[in-house]
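Colleague: I would like to learn how to read helix packing, sheets and chain contacts from a model. Could we go through one together?

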Amino acid sequence: MINLLPLIRNECLKIIKKKRFYVILLILLILVPMFTYAQMKVAERSQNKFNSDWRLEVQQQITDNQNSLGSDRIPEEWKAYRRIFVQQLQYYLDHDVNPNEPSGVTFTREFLDNSVSLFIPLLIMAVASDLVSGERTTGTIKMLLTRPVKRWKVLFSKMTALLMFVSLIVLSTFLVSYLVSGLFFGYKGFNVPIFTGFQINGDSVDMTAVHAVPQWKYMLMQGGLIWFVSVVVALLAFMVSVLVRSTAASIVVMMAALIAGTILTNMASAWTTAKYLFMVNLGLTGYLAGTPAPIEGMTLSFSLAVLAVWGAVAVIISFAVFTKRDILN
Amino acid sequence: MNESKWTWRSVSVISIAATLILMAGFIYAVNDIINPVPDAPLTSLPKQTPAFKDGAEDELRIVALGDSLAKGTGDNTGNGFVKRAVTTLSSEGRTVELMGNMGINGQTTAVLQNRINEEGVQYALRQANVILLSIGGNDLFRGSEIAQNGGGTKGQAEAPAPAGETAGPASTPGTGSGAESTGDEELSAEALLAALPEASARLGSILERIAEINPQAHIYYIGLYNPFGDIPDLLVPGNQAVTSWNNAAMDIINRHGNMTLVPTFDLFNRHLDKYLSSDHFHPNGDGYQRMSERIVQAVR
């Protein structure tokens with residue numbers, strides 16, 4: 001009986017030695033400043049236009065959205081989205097809270113909202129996609145399996161190491177975007193109130209459950225939801241890397257699924273069965289912010305259930321296949 | 001080996017701590033979304049913001065309010081009379097600040113009446129000392145249509161959603177041609193005038209409400225022109241209706257010291273082909289330019 005801990009340790013060290021994690025940090029360090037700079041330019045421009053008065057700016061935003069509501073050229077679903085958006089802005093205005101108070105914390109919050117369904121899953125894939133298939137490509141899998149260790153233990157240690165790195169990736173995304181954007185916008189803003197609890201019925205918003213939370217708490221919740229999404233994506237990518245022989249194929253499969261997800265969320269609201277696909281359910285933070293779900297009938301519990309089922313199935317398939325399969329080369 | 005021991009330790013400790021925090025956040029988030037606890041109504045409701053204090057005496061702070069004309073629909077440059085007037089005034093050496101343009105396509109007096117009670121609109125109005133208002137065209141030229149369509153759409157127009165953002169009945173921008181085609185059948189002076197008494201009463205209450213919100217500002221109401229003058233059957237009834245509307249507006253405005261009516265009827269009469277955009281309803285760039293010249297003369 002060999003203890004699992006040394007195996008997990010071994011796998012963690014392998015991930016670090018392969019420099020995958022440094023690549024992720026590097027990507028973050030290059031991309032986040034770019035996003036921050038773009039955001040700063042936008043903020044600067046609107047500050048000049050609106051006399052640095054956010055109320056005027058929000059009011060103008062409301063007016064602009066109301067104007068597009070009248071247009072026949074805009075699809076009904078988008079109109080519903082804008083109606084909801086207008087009502088939320090109105091709520092902020094009525095309570096004298098600036099929804100876009102520029103700060104490092106606000107930037108981080110918005111950046112993570114935007115990256116939950118594609119950017120962070122891609123970073124996760126960078127680690128997850130070659131955990132097993134990488135060993136097969138290089139042939140080291142034979143060495144691994146000739147040791148007197150049960151196969152499920154090998155796979156379990158890999159999976160545990162992966163989940164550890166999922167947490168690290170989510171954490172470092174938060175840290176990097178906060179630290180970098182703080183340079184531009186300042187490091188304050190943890191206590192700015194953010195409204196959550198908008199309940200969407202059709203195209204109107206039920207405000208009865210709306211409550212303010214300080215931004216740090218909001219980010220904690222956001223982090224939790226992102227973590228859940230990341231774990232599910234990691235498990236799926238892990239399964240693909242068990243099933244597929246080469247790392248390249250494994251990355252392509254996952255990437256195609258994720259990108260299909262973004263396309264589907266943008267256009268397939270008529271095809272309701274799509275809501276059972278995992279990639280349509282990745283935008284969990286939307287439920288927090290009160291943005292309407294891509295397909296009608298999706299709620300947080302629904303999305304969590306769908307993701308959990310996909311994740312569980314991925315784990316079962318990974319173990320079933322890995323413990324049974326002949327390793328040829 | 002020592003190095004890897006150290007890496008392993010820090011990685012495992014940090015990742016376990018991170019996992020625990022993220023898990024806690026996850027549970028908290030799920031709980032908060034599924035069983036939200038509403039706040040007691042916020043106590044920090046906005047105070048009545050005072051009129052703009054700092055800023056030079058002769059500084060112009062402009063807010064535009066109203067329908068598609070205020071927005072500038074039909075102007076290919078997107079400027080409309082608001083930005084054109086701002087440009088002209090600032091080129092004359094005045095300090096001009098455009099505080100906001102709250103023109104919404106298809107807005108009627110009924111919708112605007114509700115909208116000026118919104119906090120954000122009031123805030124913008126209080127910051128201004130020049131308020132440009134353009135409203136009534138949709139009441140007049142679409143009011144007759146609404147009356148014929150029965151009470152359904154009308155009820156919708158008068159009872160906007162809680163946030164007051166329903167943009168009015170079928171308030172489509174650039175459907176001047178649509179209004180025109182339905183108008184071809186029934187648009188008579190009587191039909192046009194049917195909507196007038198109610199609508200002009202609403203105009204009066206809007207103007208008074210704005211003056212109440214910001215007593216320091218001067219309100220410039222942009223008079224109507226007849227967009228259907230190029231259709232022989234509609235020339236006379238249209239002119240009559242627009243004139244009665246403008247008279248009604250003038251009647252209200254003359255009773256207040258801080259309001260001015262900026263006439264536009266003569267700018268477009270018999271020049272529709274030159275100054276209307278392709279939808280035969282809204283002015284084009286040149287049309288807006290002429291309107292803005294009037295406004296500049298009135299403001300200057």
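**Reading the model**

Modeller: Start with a helix pair: the axes of helix 1 (residues 4-17) of chain A and helix 9 of chain A come within 8 Å and cross at roughly 55 degrees. This is a predicted model, in which local features need pLDDT of at least 70, side-chain atom pairs count only at pLDDT 80 or more, and totals for chains, interfaces and linings use all residues. Residues are numbered from 1 along each chain as its sequence is written, while chains are lettered from A and ligands numbered from 1 in the order in which they are written.

Colleague: What counts as a helix or an axis here?

Modeller: Helices (H or I, at least four residues) and strands (E, at least two) are DSSP runs, numbered from the N terminus. Axes are lines fitted to C-alpha atoms, for helices over the stretch in contact, and angles run from 0 to 180 degrees between N-to-C directions.

Colleague: How are helix 1 and helix 9 of chain A oriented to each other?

Modeller: Angles under 35 degrees count as roughly parallel, over 145 as roughly antiparallel, 65 to 115 as roughly perpendicular and the rest as oblique. Helix 1 of chain A and helix 9 of chain A are therefore oblique to each other. Their crossing is right-handed. A crossing is left-handed if the near helix is turned anticlockwise from the far one by less than a right angle, and right-handed if clockwise.

Colleague: Which residues make the contact?

Modeller: Two residues are in contact if their C-beta atoms, placed from the backbone, lie within 7 Å. Helix 1 of chain A contributes Leu4(A), Leu7(A), Ile8(A), Glu11(A), Cys12(A) and Ile15(A). From helix 9 of chain A come residues including Lys153(A), Phe156(A), Met164(A) and Phe165(A). By class, this contact has ten nonpolar, two polar and three charged residues. Ala, Val, Leu, Ile, Met, Phe, Trp, Tyr, Cys and Pro count as nonpolar, Asp, Glu, Lys and Arg as charged, and the others, Gly among them, as polar.

Colleague: What does helix 6 of chain A do with helix 9 of chain A?

Modeller: The axes of helix 6 (residues 119-128) and helix 9 (residues 151-185) of chain A come within 10 Å and cross at roughly 145 degrees. This crossing is right-handed. Among the residues that meet are Leu123(A) and Val127(A) in helix 6 and Phe165(A) and Ile169(A) in helix 9 of chain A. The contact has ten nonpolar, one polar and no charged residues.

Colleague: Where does UniProt place the transmembrane regions of chain A?

Modeller: The unreviewed UniProt entry lists residues 21-40, 116-134, 155-180, 225-244, 251-278 and 298-322 of chain A. UniProt positions are in the numbering used here, feature names are shortened, and annotations may be inferred rather than shown by experiment. Residues 21-40 of chain A are 100% helix and 0% strand, with end C-alpha atoms 28 Å apart. Residues 116-134 of chain A are 63% helix and 0% strand, with end C-alpha atoms 26 Å apart.

Colleague: How do I read the sheet in chain B?

Modeller: Two strands pair if DSSP finds at least two bridges between them. In chain B, five strands form an open sheet in the order 2-1-3-4-5, with parallel pairing. Strand 2 and strand 5 (259-262) of chain B are the edges, each pairing on one side only. The twist averages 20 degrees from one strand to the next. Helix 3 of chain B packs on the sheet, touching strand 1 (60-66), strand 2 and strand 3 of chain B.

Colleague: How many residues of chain B are in contact with chain A?

Modeller: 51 residues of chain B are in contact with 52 residues of chain A. Helix 1 of chain B gives the most to the chain B side, with 21 residues. That side divides into 30 nonpolar, 14 polar and seven charged residues.
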